[in-house]
Amino acid sequence: MKLQDMIGLAVFDVENGKQIGKIHDFMVTADWRITGIELEGKGLFSSQVKVVAWNDIVAYGEDAIMIRNQQAVRKMEVGEIQHTYLLGPGKLKDLSVLTEEGLMLGHISDVYFNKEMGNNIIGLEISDGFVSDIIEGRKWLPCTEDMSIGENAVMVPPLSEQRLEKAIYSVNR
């Protein structure tokens, strides 16, 4: 599954079937794990966001996310969130992807995870620009332990360019 496809999905409480919000963003750690979702509805001047920890998600699919109950929704200080996928100062989307030798592979356009593998991010979809995306298509880079998220770029090991694959939009990734 791709995180971009899940932004905006409805979040439901399994106990009473009530819709409690929509996914606004994902919280991600430096070791490429999804720790939770951020819900829409942050106040204009608020420093807190409504979040649901990944452990409180009962099921997720193409149409909705199911959580245990409304008690799973908590408030969290924005500054406590290490990285996000879409918004905020530590966002992954649009970050440059650079090899340690200084070769620019492109920018992150999406993030993949496998439902069967839990909350581990398994790969990055990389764009090399609009024209290149049309001509060559986007690329997919499998995540490894030696990839690190920096302030302005994701640093990947040497020879990562050879590990790039053509992005395939399938259920298996």
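Predicted model: local features only at pLDDT ≥ 70, side-chain atom pairs only at ≥ 80, totals over all residues.
How many salt bridges does the structure hold? The structure holds 6 of them, a salt bridge being a side-chain nitrogen of Lys or Arg within 4 Å of a carboxyl oxygen of Asp or Glu.

Residues are numbered from 1 along each chain as its sequence is written, and side-chain values use heavy atoms, with hydrogens and water left out.

## The sheet

Let us begin with the strands. Helices (H or I, at least four residues) and strands (E, at least two) are DSSP runs, numbered from the N terminus. Two strands pair if DSSP finds at least two bridges between them. Strands of a sheet pair through backbone hydrogen bonds, either parallel or antiparallel.

Here, an open sheet is built from 7 strands in the order β13-β14-β9-β10-β11-β12-β15, and its pairing is mixed. The edges belong to β13 (148–149) and β15 (165–166), each with a single partner strand, so one side of each has no neighbour in the sheet.

With strand β10 (residues 104–113) it pairs in the antiparallel sense over 3 bridges, and Leu98 stands opposite Met104 in β10. With strand β14 (residues 153–156), β9 pairs in the parallel sense over 4 bridges; there, the bridge partner of Leu98 is Met155. The hairpin of β9 and β10 has 4 residues between the strands, and Gly102 takes a positive phi near 95 degrees in this hairpin.

At β15, 2 bridges join this strand to β12 (residues 139–142), and the two run antiparallel. Lys139 has Lys166 in β15 as its bridge partner.

## Charged pairs

| Pair | N to O distance |
|---|---|
| Lys2 and Asp110 | 3.9 Å |
| Asp56 and Arg68 | 3.8 Å |
| Arg138 and Glu125 | 3.2 Å |

Lys2 is buried at 13%, and Asp110 is buried at 2%. Glu125 is buried at 1%, whereas Arg138 is partly exposed at 30%. Likewise, Asp56 is buried at 13%, while Arg68 is partly exposed at 43%.

Salt bridges that share partners join Lys2, Asp110, Glu125 and Arg138 into one network.

## Aromatic rings

A search of the whole structure finds 4 aromatic pairs. Rings of Phe, Tyr and Trp (its six-membered ring) pair if their centres lie within 6.5 Å; planes under 30 degrees apart count as stacked, over 60 as edge-to-face and the rest as tilted.

Trp54 and Phe113 form an edge-to-face pair, with 5.8 Å centre to centre and 85 degrees between the planes. Trp54 lies in the loop between β4 and β5 and Phe113 in strand β10, so the pair ties together parts that are 59 residues apart in sequence. Trp54 is buried at 11% relative accessibility, and Phe113 is buried at 0%.

Phe113 also forms a tilted pair with Tyr60, at 5.7 Å centre to centre and 50 degrees between the planes. Together, ring pairs link Trp54, Tyr60 and Phe113 into a cluster.

How values were computed: Buried < 20%, exposed > 50% of the residue type's maximum accessible area, 1.4 Å probe, protein only.
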